[in-house]
Amino acid sequence: MPQLNPEFFVSQLFWLVVTFSFLLVFLWRISLPRISNILEKRERKINEDLTAAKELQSEAENIQDKIEQQLKQARSDASELIKSSSASFQDKAQNEITKLEKELDEKITDSSNKIEKIKNESLNQIQSQINEITKLTLSKVTSFEVTDDEIKNAVQNLERSLN
């Protein structure tokens with residue numbers, strides 16, 4: 001093998017030094033600065049993205065807090081609206097109930113007055129029929145005539161004695 005032959009060592013060392021030097025200078029002056037620039041750009045981009053993400057996160061938290069406050073406000077407004085509506089409906093219902101009770105009381109009073117009037121008329125009719133029946137019965141049973149006033153007085157005396 002020619003690499004292990006001692007007569008080629010010097011030339012191999014020379015080319016090794018030249019190639020290594022060229023490679024070192026190439027990497028040091030051209031490749032490494034480009035790589036470091038790219039790494040710095042990436043780091044800057046990552047830091048900018050992290051900063052933007054933190055800003056967006058804080059903004060999102062602020063928006064979420066505002067939404068929660070608005071939801072709380074909407075819930076409290078809805079609760080107050082429900083309470084006021086409920087109270088209003090209860091007041092209206094109570095007023096309607098009171099109005100209906102008054103109307104029913106008036107109708108009951110009117111009905112009781114009508115019933116009392118009809119009762120009195122019926123009693124008067126019964127009274128007059130009793131007088132007629134009594135008059136007819138007495139005229140059939142006995143031979144003497146009785147006037148309506150006499151029959152009324154007799155029935156009234158009997159009613160007083162029963163009461």
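The side chains of Lys 45 and Asp 49 meet in a salt bridge, with a distance of 3.7 Å from N to O. The model is a predicted one, and a search of the whole structure finds 1 salt bridge. Lys 45 and Asp 49 lie 4 residues apart in helix H1, so about one helical turn separates them.

| Residue | Relative accessible area | Class |
|---|---|---|
| Ile 35 | 45% | partly exposed |
| Glu 106 | 52% | exposed |

Glu 106 is classed as exposed because its relative accessible area of 52% passes the limit, which is over 50%. Ile 35, at 45%, falls in the range between under 20% (buried) and over 50% (exposed), and is therefore partly exposed.

**Surface patches**

Which residues make the nonpolar surface patch? Phe 22, Leu 23, Phe 26, Leu 27, Ile 30, Leu 32, Ile 35 and Leu 39 form this patch, which covers about 740 Å². One of its members, Ile 35, is found in helix H1, which runs over residues 9-141.

A patch of another kind carries negative charge: Glu 96, Glu 101, Glu 103, Asp 105, Glu 106 and Asp 110 form it. Glu 106, a member of this negative patch, also has its place in helix H1.

**The chain as a whole**

The protein chain contains 2 helices and 0 strands. Its radius of gyration is 62 Å, well over the 15 Å that the globule rule gives for 163 residues, so the chain is more spread out than a compact globule. The C-alpha trace of the protein chain spans about 190 × 35 × 20 Å along its principal axes.

How much of the protein chain is made up of buried residues? Buried residues account for 3% of the 163 residues. The protein chain exposes about 15000 Å², and carbon and sulfur atoms supply 60% of this area.

Notes: Residues numbered from 1 in each chain as written. Predicted model: local features only at pLDDT ≥ 70, side-chain atom pairs only at ≥ 80, totals over all residues. Heavy atoms only, no water. Patch = residues over 30% accessible without salt bridge, like charges linked within 9 Å, V, L, I, M, F, W, Y side chains within 5 Å. Areas by Shrake-Rupley, 256 points an atom, 1.4 Å probe, with all protein chains shown as cover. Salt bridge = Lys/Arg side-chain N within 4 Å of Asp/Glu carboxyl O. Buried < 20%, exposed > 50% of the residue type's maximum accessible area, 1.4 Å probe, protein only. Lys, Arg positive; Asp, Glu negative; His and termini not counted. Charge placed at Lys NZ, Arg CZ, Asp CG, Glu CD. Rg over C-alpha atoms; globule rule 2.2 N^0.38 Å.
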